[in-house]
Amino acid sequence: MKNFMTYLLLILILQALSAENSRKVIILDKNWRFKNCEVQNAEKQDFIDRDWEKVIVPHDWAIRRNFDMNLDSQMVQVKEDGDKVPRLRTGRTGALPIFGIGWYRRVLPISESDKTKQIFLEFDGAMSFAQIFINGNFVGEQPYGYSSFSFDITKYIQIGKENILAVRLENKPESSRWYSGAGIYRNVRLITTSKTRVAHWGTFITTPKITIKKAEISIRTEIETEQLVGEKVKLITEIFSNKGKKVASVTSTQKSSTQLRFDQQAQILNPMIWSIETPVLYKAISKVYVNNILTDEYTTNFGCRTIRFDKDKGFYLNDKKVKIQGVCMHHDLGPLGSAVSYRATERQMEIMKEMGVNAIRTSHNPPSPELLQICDSMGLMVLEEAFDEWKSGKNANGYALSFNNWAEKDISSMVKRDRNHPSIIIWSIGNEIREQGSADGKETATFLAKICHENDPTRPITAGFNDHNQAIKNGLSDAVDLVGFNYKPFDYKKKHAQYPNYILFGSETASTVSSRGEYKFPAKEVKSPWYNDYQVSSYDLEYPSWAQTPDTEFEAQDDYDFIFGEFVWTGFDYLGEPTPYNEGTPARSSYFGIVDLAGLKKDRFYLYQSKWSSTPVLHVLPHWNWPDRLGQNVPIFCYTNYPKAELFVNGKSMGVKQKDKSNKYTRYRLMWKDVIYQPGEIKVVAYDENNKVAAEQTIKTAGEPYKVVLKADRTKIKADGKDLSFVTIEIVDKNGNLCPRADNLLFFNVLGVGRLKALCNGNAIDQTSFASNYMRVYNGKMVAIVESDNQSGDIKLMVSGGKLKDNLLTISTEQ
Ligand code: GAL
């Protein structure tokens, strides 16, 4: 009994010591003060910031402000767009005030018990040129706004006093080709650990061999210690399944030195394989002990999957051939700007997945950790890209200024932070970098590729080449494992024959432009479109000079097995780069998106969905309200994965159309080109292989706008102050038909335990602030984003617009 009591006491003491020693992670989201200008002495401990704005981080200082076309108008030569001379570009970075200096300050939650601890600050990203100060002392800096970084701040901390963190950021003018956002736009954490711990990004888990029966797991763990050299350091790595069951455990011991590396091997029997359909994750918990006392616990998520690229046959995930159906995405979240939001990112990925997307290219920079977490858990593969510029810049104050001093650190940070994510299958060292045409291109590519390979020997490296002939000539394409072509479907076959060892893919494709719900006549292919209303046609046939329609790329992807896939430019519209209206127009966001800035689907969504997903798709365009085209031609297109369909206009058959390979358009679309408009209805009936009616869709000519209809993506959200409900607003007539040209001005009012976060209608030229509580619908639709606060209860969203019948929606929130 006595022995037992002693044993129990010992256990309790060890537990207490362990709890005392273990890692503490505090997200620094609240209690920040912010000032959007240069302030002298703002880093000082005793500086008074009482009158500064109170903000929550992640924070984007520009997104809730007013648009102003003067903010980013600039004379610039965009060589990639074919400019021979500088032109006046407008809206290039979203016409929002991202430029300038921003200061953030807050008190750090440090307590007496942290006296013996090692204390770190971890930033997922801050835009940009971050300088970090603690109690007036300069701690360190990080110029590239997309890089994650961490500092050991132990020596600056004063236990028993108020410890002040101050962050200075600066966005220089002409530093980006798109909306970068501004501020501490990703999460910041304060981490306290004991003196012996897993190093920052200190684990690397690989799966060298996977069979149905067994997965061999290699776990590399770096441990740092401030403790005396010579103590016994033990590392136990335990692996848990997604159900929480322990499936493996490995123990290793070493004598301590300041930097320790453990290489452990484990096995998982009957492993669950990470795939697009079954994105299962394992969790490795690293437990560090010094003289049998637990000093750190660190969790790493990983997956068991294999990848393989073949120059003739394409890409294999878990030995199964998969064509990459990818989209490029910028990091902004439309009306929410660049401030990280888990739910907004998840919604983007849900919409992409619904379309049949299986891969994301994080163009042209490392993404938020949240995006990768979401891709891991949803079964989306990722091509993670590091840079848009190397030494030769595209912007007067772009990354090129930092490249020489920072590229090595930035690219290794990207790989080290993210190499455990099963979703990541490719690292990209650059997009359309200008060194394709210069003599030192290959050298820089080799330097960057080497860093990636050293930090992660398991994944191939790529780069996106727009000037592919130069890149080949200069040897850049020999420096990468996978050769990415931007907009070159017409050359795949020839290049494959000439360079049979290249593993080729469309790193950036299509760049078709369209505005949701706009149709231009005649419906024909248009290169470099320009209309006086600054919109482009949703017949999906328009594109800038370097680009193509989706069908052009589909054809190449289908005909050439050796091309392992494509990444369409872009999944969602994004802020900035309003091609083709980027010279002296009111446009401030892109037209490239398959989905608009609000997250509403354009027609193109269904074209890709019909090609990429197994969901039955039957989508008819355009709308049927053409009072100004009475008796004139209005072509009707149908995007479907049924083999054939029949069109009826006001009950009269216009014939059955079947997909055929006579040209690239009839191969992927059903088109009735000679239809004459009369109000009424169009109906498309799809038939299956046996000529049986499989589905139908009818579009009626809508009457006058009558009512506002609200549909939330979720009517129950978390009461965590962060969760969002995306409410789609539609204007309908008395019979419930969508009014496809409605542009009513609507007013929004939110009551209860939440707030109106943003409004967006997807119209690239609308200058109403996203933070306004009124906005016009665009072609019958818009989206209101409602955010919870920290209390459970109801949020009521009320929408009114002149004589329209009002509507009210209740969203409930739960803790
Ligand atoms: C590409 C570029 C992208 C975007 C796109 C628009 O050349 O890589 O960032 O600018 O063109 O089509």
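Contact, as used in these legends, means heavy atoms within 4.5 Å, and helices (H or I, at least four residues) and strands (E, at least two) are DSSP runs numbered from the N terminus. The model shown is predicted, so that local features need pLDDT of at least 70 and side-chain atom pairs count only at pLDDT 80 or more, while totals for chains, interfaces and linings use all residues. Residues are numbered from 1 along each chain as its sequence is written, and side-chain values use heavy atoms, with hydrogens and water left out.

View 1. Helix 9 (residues 603–612) lies across strand 33 and strand 34 and runs at about 45° to strand 34, where axes are lines fitted to C-alpha atoms, for helices over the stretch in contact, and angles run from 0 to 180 degrees between N-to-C directions. The open sheet has 3 strands in the order 33-34-37, with antiparallel pairing, and two strands pair if DSSP finds at least two bridges between them. Its edge strands, each pairing on one side only, are strand 33 (618–621) and strand 37 (670–672). Strand 34 (residues 636–640) is joined to strand 37 over 3 bridges in the antiparallel sense, and Cys638 has Leu670 of strand 37 as its bridge partner. Cys638 counts as buried, with 0% relative accessibility; buried means under 20% relative accessible area, exposed over 50%, and partly exposed in between (1.4 Å probe, protein chains only).

**View 2. Helix 8 beside helix 9.** The axes of helix 8 (residues 550–559) and helix 9 come within 12 Å and cross at roughly 10°. That crossing makes the two helices roughly parallel, a word kept for angles under 35 degrees, whereas those over 145 count as roughly antiparallel, 65 to 115 as roughly perpendicular and the rest as oblique. Helix 8 contributes Pro550, Asp551, Phe554 and Asp558 to the contact, and helix 9 contributes Arg604, Leu607, Tyr608, Lys611 and Trp612. Because 8 of its 10 residues are buried, helix 9 is largely enclosed by the rest of the structure; the buried residues of helix 9 include Arg604, Leu607, Tyr608 and Trp612.

**View 3. Strands 28 and 29.** Strand 28 (residues 482–486) pairs with strand 29 in the parallel sense over 4 bridges, and the partner of Gly484 in strand 29 is Phe505. Strand 29 (residues 504–510) is mostly covered, with 7 of its 7 residues buried.

View 4. Gln118 has its place in strand 7 (residues 118–123) and counts as buried at 6% relative accessibility. Residues that Gln118 touches, not counting those up to four places away in sequence, include Asp152, Ile191, Lys195 and Glu226. The loop between strand 7 and strand 8 (130–134) holds Ser128, and the peptide bond from Met127 to Ser128 is cis, with omega near -15°. Phe129 is found in the loop between strand 7 and strand 8; its phi is near 50°, a positive value in a residue other than glycine, and with a relative accessible area of 26% Phe129 is partly exposed. Asn135, in the loop between strand 8 and strand 9 (137–142), has a positive phi of about 50° although it is not a glycine, and Asn135 is buried, with a relative accessible area of 8%.
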